[in-house]
Amino acid sequence: MLEKGLVCTNCGRTYELNQLHYRCESCAEPLEVEAFESGEIIRGNPMTQSMLMRYREFFPFKTLDDSLSLGEGFTPLTASPSLASRAGVSQVYLKNESQNPTWSFKDRGSLSGLQHALKMGITRIGTVSTGNMAPSVAAYGARAKLETIILVNENIPVEKLAPIGIYSPRLIKVAGDYGSMYYESLAIGARQGIYFINSDAPLRVEGSKTIAFEICEQLNFEMPDYVVVPTSAGGNLRGIEKGFREFFRAGLISRRPKIIAAQAAGCAPIVKAFDKGELLVTREEHPHTIAHAIENPLPPSGNQVLRILKAGEGRAVSVTEEAIIDAQARLAEEGFFVQPAAAVGYAGVLKLRDEGFLEASHRVVVILTGGGLKYTAALEEHRLSAETCPLEKLAEWI
Ligand SMILES: [Zn+2]
């Protein structure tokens with residue numbers, strides 16, 4: 001557990017870890033914790049060991065407060081021969097992040113950010129979100145008994161508001177441009193000592209590394225060819241890439257999988273820039289998709305995602321609304337009910353196989369980022385039916 005600094009993902013300028021820094025003061029690009037070059041998995045009993053304890057040699061904490069864990073991480077990686085067969089690839093593995101305490105991958109980074117906040121003596125945390133991050137930060141704030149400030153868009157529907165409110169945070173509906181709230185929250189947080197564990201906060205990104213760590217262990221360190229990540233702000237993809245990078249440098253894996261960023265065509269600023277060969281994202285002017293959880297018109301880590309894809313021979317892919325709904329149905333046929341945003345990854349696999357980018361020999365991991373019950377309105381897009389029958393006729397009916 002070494003003390004690390006923060007380093008700019010773009011220009012390399014360094015910063016103290018124990019201060020609130022999110023973005024570079026020189027180039028405004030996101031920061032990350034300096035990469036770990038060595039470390040071991042602390043092998044223990046996963047029935048009693050927490051995620052952070054198992055991988056603590058890859059986290060910049062001298063001490064960990066394990067009592068703050070809600071049992072995040074250690075999510076299943078399930079092979080799906082039928083989805084692989086449908087896609088025409090060698091194997092599809094589903095990393096089911098809906099098994100986390102608030103039903104999405106966000107819990108990993110919320111815990112990691114919370115540990116960082118407490119290490120710095122900060123007792124007020126918060127986030128800007130209308131999706132998976134808000135309930136996650138609210139849950140961990142409740143667990144730690146901290147004042148927790150959740151900023152949401154004023155137009156947030158009640159079915160999204162209530163699952164945040166149940167954790168009793170300070171829930172503030174903000175009128176105004178949602179895209180600007182991210183930057184405004186960082187400025188307010190710096191002035192008032194509030195740690196906003198936003199989408200690409202460096203220590204939230206650290207939490208997402210554990211997705212990669214677990215995939216390595218679950219595949220017995222035999223790396224897949226590709227890992228497909230539904231991508232919004234870019235923090236989760238950054239964490240997953242960093243996790244593979246660190247295990248590679250530590251000698252725990254012999255090669256790194258390539259990363260694919262998957263977005264909905266209705267909001268695909270990263271894909272549009274990638275397709276043009278650019279390294280700067282441009283704001284999506286009219287975002288609209290059923291995959292609300294990844295509907296971010298100006299991803300704060302978009303440029304860094306583009307740098308990662310370029311350096312690691314990755315790829316970006318966008319998929320239509322129809323393809324997302326179809327992929328949601330195909331995953332459910334296999335027993336996985338995920339939110340539309342989480343179905344974007346498998347939809348991307350189908351498209352990239354159609355295009356010939358993915359080949360029959362490829363082994364692909366798809367990150368199922370969040371659970372289906374988070375957005376039941378999407379069920380209206382499916383033709384679901386039930387039969388009705390009087391009890392006395394039931395035996396004959398069946
Ligand atoms: Zn910089």
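**Figure 1. Buried residues of helix α11 and their cover.** Helix α11 buries Ile324, Ile325, Ala327, Gln328, Ala329, Arg330 and Leu331. This is a predicted model. Elements that cover these buried residues include the helices α2 (81–87) and α12 (340–354). Strands are also among the cover: β5 (91–96), β11 (258–264), β12 (315–319) and β13 (363–368). Helix α11 covers residues 321–333, 13 residues in total. At 1.5 Å a residue it should span 18 Å, and its end C-alpha atoms lie 19 Å apart, so the two values agree. Just after α11, Gly335 has a positive phi of about 100°.

**Figure 2. The zinc site.** Four cysteines supply the protein donors of the zinc ion: Cys8, Cys11, Cys24 and Cys27, each through SG. The donors lie 2.2 to 2.3 Å from the ion. Along the chain they follow the spacing C-x2-C-x12-C-x2-C. Angles among the four donor atoms run from 94 to 124°, and the site is tetrahedral. For comparison, the ideal angle for four tetrahedral donors is 109.5 degrees. Cys8 is buried, because its relative accessible area of 5% is under 20%. Cys11, at 43% relative accessibility, counts as partly exposed.

**Figure 3. The three-stranded sheet β2-β1-β3.** Three strands form this open sheet, in the order β2-β1-β3, with antiparallel pairing. Its edge strands are β2 (14–15) and β3 (31–33), each of which pairs on one side only. Strand β1 spans residues 6–8 and pairs with β2 over two bridges, in the antiparallel sense. Within this pairing, Val7 has Thr14 of β2 as its bridge partner.

Figure 4. Strand β7, helix α5 (residues 158–165) and strand β8 make a right-handed β-α-β unit. The two strands, β7 at residues 147–153 and β8 at residues 170–174, pair in the parallel sense. Five bridges join them. Leu151 has Ile172 in β8 as its bridge partner.

**Figure 5. Surroundings of Ala134.** Ala134 sits in helix α4 (residues 133–144). Its relative accessibility is 0%, so Ala134 counts as buried. Beyond its neighbours within four places in sequence, Ala134 contacts Thr127, Ser129, Ile150 and Ile164. Glu387 is 253 residues from Ala134 in sequence; their C-alpha atoms are 38 Å apart in space.

**Figure 6. Two loop residues with positive phi.** Most residues other than glycine have a negative phi. Phe74 has a positive phi, near 50°, and is not a glycine. Phe74 lies in the loop between α1 (51–54) and β4 (77–79). With a relative accessible area of 30%, Phe74 is partly exposed. Asn220, also not a glycine, has a positive phi of about 50°. The loop holding Asn220 runs between α7 (202–218) and β10 (226–230). Asn220 is exposed, because its relative accessible area of 59% is over 50%.

Notes. Residues numbered from 1 in each chain as written. Predicted model: local features only at pLDDT ≥ 70, side-chain atom pairs only at ≥ 80, totals over all residues. Heavy atoms only, no water. Pairing = 2+ DSSP bridges. Helix = DSSP H or I, 4+ residues; strand = E, 2+ residues; numbered from the N terminus. Right-handed = clockwise from strand over helix to strand, strands pointing away. Buried < 20%, exposed > 50% of the residue type's maximum accessible area, 1.4 Å probe, protein only. Donors = N, O, S within 2.8 Å, 3.2 Å for Na, K, Ca; no water. Tetrahedral: all angles 85-135°; square planar, octahedral: opposite > 155°, others 65-115°. Expected span 1.5 Å × (residues − 1). Contact = heavy atoms within 4.5 Å.
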